[in-house]
Amino acid sequence: MTETPETFAEAARAANERGDQSAKEAYFTASQRQLIWARFKKQRSAMIAGIILLLMILSGIFAPFLSPYDPTVAGRNKDYLNGAPTIPQFCDKNGCSLRPFLHTIERVRSIETNFRWVEQVNEDERRYVQFFVEGAPYKILGFIPAQTRLFGMDKGFIHLFGTDAAGKDIFSRTLHAIWTSLQVGSIGVFIAFFLALIIGGVSGYYGGWIDGVIQMITDAVRTVPAIPLFMAVAAFMPPELSAEERFFYISLILGFIGWPTLARRVRTHLLTERNQEYVLAAQLSGASSGHVIRRHLLPSFTSYIIVDLVISFPYMVLSETALSFIGLGLKDPVSSLGVMLQNATSADVMLNYQWYFIPVIFFIVLVMAFVFVGDGLRDAADPYSDTHK
Amino acid sequence: MSALIEVENLTLSFRTDEGLVTAVEDVSFRLDRGEVMGLVGESGSGKSVTAKSLMHLNARNAVYAPGSRITLHTETGPLDVLSLRRTADLKVVRGGAISMIFQEPMASFAPAITIGKQMVEQLQLHSDMSKREARAISVEMLDRVGISDASRRFDQYAFELSGGMRQRAMIAMALSTKPALLIADEPTTALDVTIQAQVIDLMKDLVDEFRMGIIFITHDLGVVAQTCDRVNVMYLGRLIEEGPVREVIANPKHPYTQGLIAALPKLDDLDAPLTPVPGDIPSPLERPSGCVFHTRCSQIVGPECRADLPRDTRIDATHQVACHIYREVAE
Amino acid sequence: MLNFARFVVTRAIMAMVTLIIVSLVVFTLMELVPGDCAERYLAFKNTQGSTISLADIENERARLGLDRPFLERWGKWIVGAFQGEFGDSCILRVNIARLLGDKFWLSLSICLASLALAYTIAIPVGIIAASSNNALLNNTLRILSYLGLAMPNFLLALMIMLFSTVYFNETLTGLFSPEFRDAPWTWEKIVDLLKHAWLPIFILGWSATAFALQTVRALMSDEIGKLYVTAAAARGVHGRKLLWNYPARHALGPIVNSLGFDLNRIFNELPIVALILTLTDAGSLLIEALARSNDQQLAGAIIFLLTASIVALNFFTDVLLAVLDPRVRKSIVR
């Protein structure tokens, strides 16, 4: 990365704080990215959040491997609808076992149950949890075919978080929902960023009246509340779209609505950097405009832009969840938290099937991890401002 | 002459994420009434922290070592500044006995409050004047420091004044309560050279008029030579040389002071090369052992420079230095 | 004074321009939607049993003026919009202004109340947190703020409902008791509204408070670190006077400035919270308009009204700021 005066001064300052000669050398030659990383590492809460986030991302990527069943109707347990979580145990009245097991649940219907199907636990019959079982085939990241799943049962099903009304395993769905959120967020952020880079870039690089007009439009668009607008657009998606197409369009709309804030940031970065003396110095020594943009301007703020992207990520995820929740976003069979919660407002679910809400915890952890990491990155990238806005 | 303020063994550290960072170490000096003292050093040498300690004004994470003592001799008797805990009690010191002016006059006025209001507030805090009296005195003070159309300026905000004007207003405000001691923390650094001269002249006039002590914090030996009676040179939180201004400048004893003076451009020989003090100030986190200056010193006399703190050595009745070179001579 | 009036007028014109740009965006979106109002209405009629021919659609288009050029229709729409007239709803065939009626003002009041709640809590707590170095207080507030950010309001609403259903066997929904729903406005109805409105206000205010707290605290810490505060302390100003007259007073400007964004954020949460709590205000009406009937005329009107409220708030805060902050005020007068 190009050494800029700004990072230089920063490095000198940091080195002065540290003092020793070798550290100073390291700081003088460190790239901006290394400096940010060095400062980020010092923040304990952000580091912990970063580790959690990494675990969540990994569990999203390996969701098919980690989840015992397919999250769609294909993997459903038709004999265990709206079933409570089944937690493996090591001991029961018949003694203990090193291998965790579950009791068999039988569905019975008799005169005592008013001829309704009722689940009964048979405490004498054990089913054992097994690891690295061959299950239904799946593809990791959509193209690596595999069949081995982390765990499963020797017979029957295991539902750590219970099942929903269709008998789908909520644990498997939760893991896949994390992956969906990450995907939607990434595509949305990418599109928003692409638009922001063009619009903010033009605005910031040219300045003057072009900047004025673009800023006016950006500000106007920014005043429109995003979710209602989003709803207005999403509602008119043709109902005959397939789940995949819907997924694509939702990400697209998220990106199209999310650009103004990012564009503003890009513009501000560009405007401040453009007026830095090192740019003037480069221009005076005969660098072409393209060279200045590529070798000086872009490197000087890519790190900041990455930070901005991380910060805007959770809002994309939140928007998707909210939309799917009200039925305007993703639809079954795609697993997403919003989709999974769609039916959770009914009193029936609230009173009887509270395990529907287990995924919420994961979701909050995911969003919080992103917010913490984003905050940590911002503090690390910009040590002079501790504005938490 | 009677002492105005006495500083004894002032040691001050800041609690930070990296641990305790010592900013000032074992500093002792005394200032008499009507005396102008220069406090000279590079940035980070602890001169501003020392000055702020006189008003107990350092940040909340400051820790004073147990032996530290600052005694202010007021009209009602001696006052142990560091023992004052409550900010209400410190009022006697802050803005009462001691006033301070800062490097950036723009930033030291509250931006959304008129200059007059801030002046009146200070006057009313330290006396039982009515608003009208306070206003009259403030306008008079503004007039005294050479601000034309003072009664109009009184109702203006800092951003409406020019840089030199702001510093004049700052001086007017600082002097309005007739403090016994004025601390000027690099008051001219942020100003243009021509304005600098005006402000320094103004301060000199006012010193004569008000007969107060001044502590002049600066890194500019030229300013010190023009204004001060005595000078204290600080390096990395320690006082390393002290003496009358003329004596110290003409006959510097400490290698660091010698370096500082050699680094000044000489007007009578503009072709002479500038010789900066080699090396950088070490980080306060890693204070050198022994003499704090040994990492940059070109006149090391032996292993004691690295191992032992040099004691203060008297060169004559008024001039003293903390350096191993002179201890040998003395012994 | 004359200059101040000119400033206010300039700001008002700028607000208008913003609204015109917004209306263009909204109107274009309404146009881009597949199928126009005529088709939609007649398709709806179709499901009601009447048979519709292509000629009927053309006639309906002509009647609604949909055959006019885009700019002309936009012009007509925006002129109407500024007078609070949005034409008829596509499907319900009711005047939109009448359809929205109280509902819009009701939801706006709820949103403003949660904004007020957020700042009533955030200003004192944020100022105290920024000026104290109590680690426990600061960490608690930090975690609460993050929770407020990460826990979207609709999840909070769900959780509260879950809790109240499980423990009190009561779903806290609706804005009115059944007997007051269609009753004319009376004192009893207002009391009934207040009994129900605290929950949406609390839920909407929850993350608004978290955001506001962060804003206030960050602005205050910025101000407290500034030299003028040290300088004031050096003059002997102390205690509450030092806190409120100096940093707090100077942080007020940016706080006022951020109100518009906060209202925007609350509007984002409103429709979903309204849906969960089955409030019959503009929020859930918006969802109905969009999800159930694809009523673009109604959707456009609601989005325009929401945006107009934000623009109006921004206008007021701009003027307020000019009154509060001499730096802005003097730059106007000059």
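**Contacts and chain architecture in a predicted three-chain model**

The contact between chain C and chain A takes 45 residues from chain C and 41 residues from chain A, two residues being in contact if their C-beta atoms, placed from the backbone, lie within 7 Å. On the side of chain C that touches chain A, the elements that give two or more residues are helix H1 (2-32), helix H6 (135-150), helix H7 (153-168), helix H8 (187-224), helix H11 (259-276), helix H12 (282-292) and helix H13 (296-324) of chain C. Helices (H or I, at least four residues) and strands (E, at least two) are DSSP runs, numbered from the N terminus. By class, this side of chain C has 33 nonpolar, ten polar and two charged residues. Here Ala, Val, Leu, Ile, Met, Phe, Trp, Tyr, Cys and Pro count as nonpolar, Asp, Glu, Lys and Arg as charged, and the others, Gly among them, as polar.

The model is predicted, with local features needing pLDDT of at least 70 and side-chain atom pairs counting only at pLDDT 80 or more, while totals for chains, interfaces and linings use all residues. Residues are numbered from 1 along each chain as its sequence is written, and chains are lettered from A and ligands numbered from 1 in the order in which they are written. For the complex, the predictor gives an ipTM of 0.84 and a pTM of 0.78. Chain C averages a pLDDT (the predictor's confidence in each residue, from 0 to 100) of 79, and 84% of its residues score at least 70. Among the elements of chain C, the lowest mean pLDDT, 62, belongs to H12(C), and the highest, 88, to helix H9 (residues 227-234) of chain C.

Chain C also meets chain B, in a contact that takes 21 residues from chain C and 25 residues from chain B. The elements of chain C that give two or more residues to this side are H9, helix H10 (239-257) and helix H14 (326-333). With seven residues, H9(C) gives the most to the side of chain C that touches chain B. The classes on this side come to nine nonpolar, six polar and six charged residues.

Turning to chain A, the secondary structure comprises 14 helices and four strands. Of the 389 residues in chain A, 40% are buried; a residue is buried if 20 or more other C-beta atoms lie within 10 Å of its own, exposed if 12 or fewer, and partly exposed in between, with C-beta atoms placed from the backbone. Among contacts in chain A between residues at least 6 apart in sequence, 71% join residues at least 24 apart. The domain assignment of chain A gives domain 1 (86-158) and domain 2 (174-381), the bounds coming from an automatic or database domain assignment. Taken over C-alpha atoms, the centres of these two domains of chain A are separated by 40 Å.

Helix H6 (residues 170-206) of chain A has 37 residues, which should span 54 Å at 1.5 Å a residue, and its end C-alpha atoms are 52 Å apart, which agrees. The expected span of a helix is 1.5 Å times one less than its number of residues. Just after H6(A), Gly207(A) takes a positive phi of about 60°. Helix H7 (residues 208-223) of chain A, with 16 residues, reaches 23 Å from its first C-alpha to its last, close to the expected 22 Å. The buried residues of H7(A) are Thr218(A), Ala220(A), Arg222(A) and Thr223(A).

Chain B has 13 helices and 13 strands. The radius of gyration of chain B, taken over C-alpha atoms, is 21 Å, close to the 20 Å from the globule rule (2.2 Å times the number of residues to the power 0.38) for 331 residues, so chain B is as compact as a globular protein of that length. Its C-alpha trace spans about 65 × 50 × 45 Å along the principal axes of chain B. Buried residues account for 44% of the 331 residues of chain B. Chain B is divided into domain 1 (106-177) and domain 2 (252-330), and 42 Å separate the centres of these domains of chain B, taken over C-alpha atoms.

Most residues other than glycine have a negative phi. Asp26(B), although not a glycine, has a positive phi of about 50° and lies in strand S2 (residues 19-32) of chain B. With 18 C-beta neighbours inside 10 Å, Asp26(B) counts as partly exposed. His56(B), also not a glycine, has a positive phi of about 55°; its place is in the loop between helix H1 (47-53) and strand S4 (62-64) of chain B. His56(B) counts as buried, with 20 C-beta neighbours inside 10 Å.
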